[in-house]
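Visitor: I've just opened this one. Can you walk me through what I'm looking at?
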Amino acid sequence: MLGRVLGGIATSLLFSAFESWLVAEHNKRGFEQQWLSITFSKAIFLGNGLVAIVSGLFGNLLVDSFALGPVAPFDAAACFLAIGMAIIMSSWTENYGDPSESKDLLTQFKGAATAIASDEKIALLGAIQSLFEGSMYTFVFLWTPALSPNDEEIPHGFIFATFMLASMLGSSLASRLMARSTPRVESYMQIVFVISSAALLLPIMTSFLVTPSKVRGGGISFSGCLQLLGFCTFEACVGIFWPSIMKMRSQYIPEEARSTIMNFFRIPLNIFVCIVLYNVDAFPITVMFGMCSIFLFVASLLQRRLMVISDKPKTEGRELKERDPEMEPLNI
């Protein structure tokens, strides 16, 4: 329990304070804006992807080959966390921001709430993030019972490594998409959410179309293989999601409140995941996947709305120039 509390703090720092520090440091050094997208993509490709694949294979090696028991990967993780702490403390510099603008915690949360309420783009971005990440974290707990409903012997470490490989491919694709002027992030993410929604429908479809096996134990079933294909597709969408959402956050969330607003987004996310997991035994697994699929489809609709709103200033500017060409020198 203590490990999960500290893990929650570390995750919030990783996806809020660290990202804010990175964006601020990038802008302070005057780097090209396009480099930020490349940095996000490489972080997901190498950090979340490659390292996770090696970790999954290493954990599988400790449990199966060395027979050190199911707790061995946790002990190994503690060693790597200690190494990471030593590297950070010895080599990273801190970015404190403007000391004159330091505010107490309550003032920061009030400012973040005001920014979310007053800017529809920020509110939509928060809702999209909560819906997708909530579905993603629910999937993390559901994929094992989905692939082994009859206690089939499945190689968890290798399957996890396969998921991370799919995520790496997704982040690589996102890097190429963001390097182009078209399609825009707001545009292609609608398609990504629809594909991810369809991918999580596979467990429901296979339950109706494929006769479930009654044999206990054994290897992964044909139905499990089909679901595994859909889960890999979903993980590829996750790989596209992370650098893309980071890119949109850097565009729409104001610098002075970025970290606080991003942590605001995690509140409904964590509440949602807790409610789902607390009631996981009350519903069939197909219902849980169906709910996640609906949430992802709603995220695609909200993404569509975000794209329309973000296009409005450009459209209005073009219309203004067409109506009064003499105003163009003034705009210049």
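**A first look**

Guide: The protein has 12 helices and 0 strands. Keep in mind that this is a predicted model.

Visitor: What pattern does the protein follow along the sequence?

Guide: Reading along the sequence gives α-α-α-α-α-α-α-α-α-α-α-α.

Visitor: And how many residues count as buried, in percent?

Guide: The protein has 332 residues, and 38% of them count as buried.

Visitor: What about contacts between residues at least 6 apart in sequence? How many join residues at least 24 apart?

Guide: Of those contacts, 83% do.

Visitor: Let's go inside. Which residues in the largest nonpolar core touch the most other members?

Guide: Met 189, Phe 231, Phe 234 and Ile 261 do. That core holds 68 residues.

Visitor: Take Phe 231. What does Phe 231 touch, leaving out residues up to four places away in sequence?

Guide: Its partners are Phe 139, Trp 143, Ala 146, Leu 147, Phe 163, Leu 200, Pro 203 and Phe 289.

Visitor: New topic: Phe 15. Where is Phe 15 found?

Guide: Phe 15 sits in helix H1, which covers residues 2-28.

Visitor: Why does Phe 15 count as buried?

Guide: Because its relative accessibility is 11%, and buried means under 20%.

Visitor: What does Phe 15 touch, again not counting residues up to four places away?

Guide: Trp 242, Met 246, Arg 249, Met 262 and Arg 266. Phe 15 and Trp 242 are 227 residues apart along the chain, yet 10.0 Å separates their C-alpha atoms.

Visitor: On to Lys 247. Which helix is Lys 247 in?

Guide: Lys 247 is in helix H9, residues 222-252.

Visitor: Is Lys 247 buried or exposed?

Guide: Lys 247 is buried, and it has no salt bridge. The nearest side chain of opposite charge is Glu 186, 8.7 Å away.

Visitor: So what does Lys 247 touch?

Guide: Leaving out residues up to four places away in sequence, Lys 247 touches Gln 33, Ser 37, Phe 40, Met 178 and Val 185.

Visitor: Last topic: helix packing. How do the axes of H5 and H10 cross?

Guide: H5 spans residues 120-147 and H10 spans residues 258-278. Their axes come within 9 Å and cross at roughly 35°. The crossing is right-handed.

Visitor: Which residues meet there, in H5 and in H10?

Guide: From H5, they include Leu 125, Gly 126, Gln 129 and Phe 141. From H10, they include Ile 261, Met 262, Arg 266 and Phe 272.

Methods: Residues numbered from 1 in each chain as written. Predicted model: local features only at pLDDT ≥ 70, side-chain atom pairs only at ≥ 80, totals over all residues. Heavy atoms only, no water. Core = buried A, V, L, I, M, F, W, Y, C linked by side-chain atoms within 4.5 Å. Buried < 20%, exposed > 50% of the residue type's maximum accessible area, 1.4 Å probe, protein only. Contact = heavy atoms within 4.5 Å. Helix = DSSP H or I, 4+ residues; strand = E, 2+ residues; numbered from the N terminus. Lys, Arg positive; Asp, Glu negative; His and termini not counted. Salt bridge = Lys/Arg side-chain N within 4 Å of Asp/Glu carboxyl O. Axes fitted to C-alpha atoms, helices over the stretch in contact; angles between N-to-C directions. Left-handed = near helix turned anticlockwise from the far one by under 90°.
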